[in-house]
Amino acid sequence: MKVFADKLEDALAKSLPPVVIVAGDEPLQHMEACDAVRRTAREAGIEEREVLHVEANFPWGRLLESAASLSLFASRKLIELRLNGKPGQEGAKALKEYAEGMSGSDNILLIASAKLDYREQKSAWFKALDKAGLFVPVWPVDASRLHFWLRDRASRHGLTLDLDAARLLGERTEGNLLAADQELQKLALLLPPGARISPQQVAGGVEDSARYDVFTLLDACLKGERARVSRILGGLRGEGVEPPIVLWALTRELRLLLSIHQHLDQGQSLEHACKAQKPPIFDKRRSAYQQAIQRLPMKRLHKLLLFAQRLDLTIKGAGTIPLWDGLHDLALTLAGGRGLLAELPSSYRVGG
């Protein structure tokens, strides 16, 4: 059964299931979800814990041996399986076998994993374990909700965070919840309990520890968040991300939007158009693509793609467009703005 990270403690308070799968790439929520399972296990009297690190050539028989072995000191134990990557054929077989043979066992299996894609979630091993326990997918907090998350998080540290202060803290730590929580902990040590945090205090006391990647940039482009697009591009440039990586991501998104347009022009629904992509676009991101499709007609997308090709020639030494200015122009126009179009030579402009 699927339970999101913010509801996990409520679910565990009702009962401790024999299996909990925590999967995702957001470190803070992943760590806290696993800690909640360990804490609940201790409260249930389970003191013994065995940790199995799954790496290359891991002997999967160890999982079944651990489940079958009896302890001299306890009748139950927590088996923590730290899964790095996909389990492979042997691992899938062992996990399915564990699920089928655990009916007489009082052990708890905690699987800590990176994000599991939809193929893994449809596999026999995952379905067998999910049926018996809880699946906790750990998602990054969406930028549009980050300030609310930070406000609620501040209350856990005995602080009151104004929404404007939360927005500023979100800008300075975007995508890095661990850094945001550390800043809140620091403020809690410096200020009296119940203190109200203003934007000025955040500006004066919080280091800029935002973490950006090209996928964060694409998300901002699709949603039309132009100020955020400029900020992310500046962050990527400052972090030394190579221009070809940024261009690859933007070009891929342009082709994806053109493909969706073509499906829509054939009379298909947005849902079918998104599902037809490889990989499919699922519900969580579909609204962002809908916004972009409504904002960007095919004519403009084709012009953007031509401009991307000119940027590619510049990267290869056969063009003269200012590279980072051109990438900014491309991303900002994709987000619905006009970027630096007025400052570029007329032969390079992409508006329309």
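A crossing of two helices is termed left-handed if the near helix is turned anticlockwise from the far one by less than a right angle, and right-handed if clockwise. The structure described here is a predicted model, in which local features need pLDDT of at least 70 and side-chain atom pairs count only at pLDDT 80 or more, whereas totals for chains, interfaces and linings use all residues. Residues are numbered from 1 along each chain as its sequence is written, and side-chain values use heavy atoms, with hydrogens and water left out.

The crossing of helix 11 and helix 12 is left-handed, helices being DSSP runs (H or I, at least four residues) numbered from the N terminus. The axes of these two helices, fitted as lines to C-alpha atoms over the stretch in contact, come within 9 Å and cross at roughly 165°, on a scale that runs from 0 to 180 degrees between N-to-C directions. Helix 11 and helix 12 are therefore roughly antiparallel to each other, a term applied to angles over 145 degrees. Their contact (heavy atoms within 4.5 Å) is made by Val214, Thr216, Leu217, Asp219, Ala220 and Cys221 of helix 11 together with Arg228, Val229, Ile232, Leu233 and Leu236 of helix 12.

A left-handed crossing is also found for helix 16 and helix 17. Helix 16 (residues 298–315) packs against helix 17 (residues 323–334) at an angle of about 165°, with the axes 10 Å apart, and the two helices are therefore roughly antiparallel to each other. Residues of helix 16 that make the contact include Leu304, Phe307 and Leu311, and those of helix 17 include Leu327, Leu330 and Leu334. Lysine 299 also has its place in helix 16; this residue is exposed (over 50% relative accessible area, 1.4 Å probe, protein chains only), with a value of 56%.

Leaving aside neighbours within four places in sequence, leucine 257 is in contact with Leu222, Tyr289, Ala292, Ile293, Leu296, Leu301 and Leu334.

Definitions and conventions. Angles under 35 degrees count as roughly parallel, over 145 as roughly antiparallel, 65 to 115 as roughly perpendicular and the rest as oblique. Buried means under 20% relative accessible area, exposed over 50%, partly exposed in between (1.4 Å probe, protein chains only).
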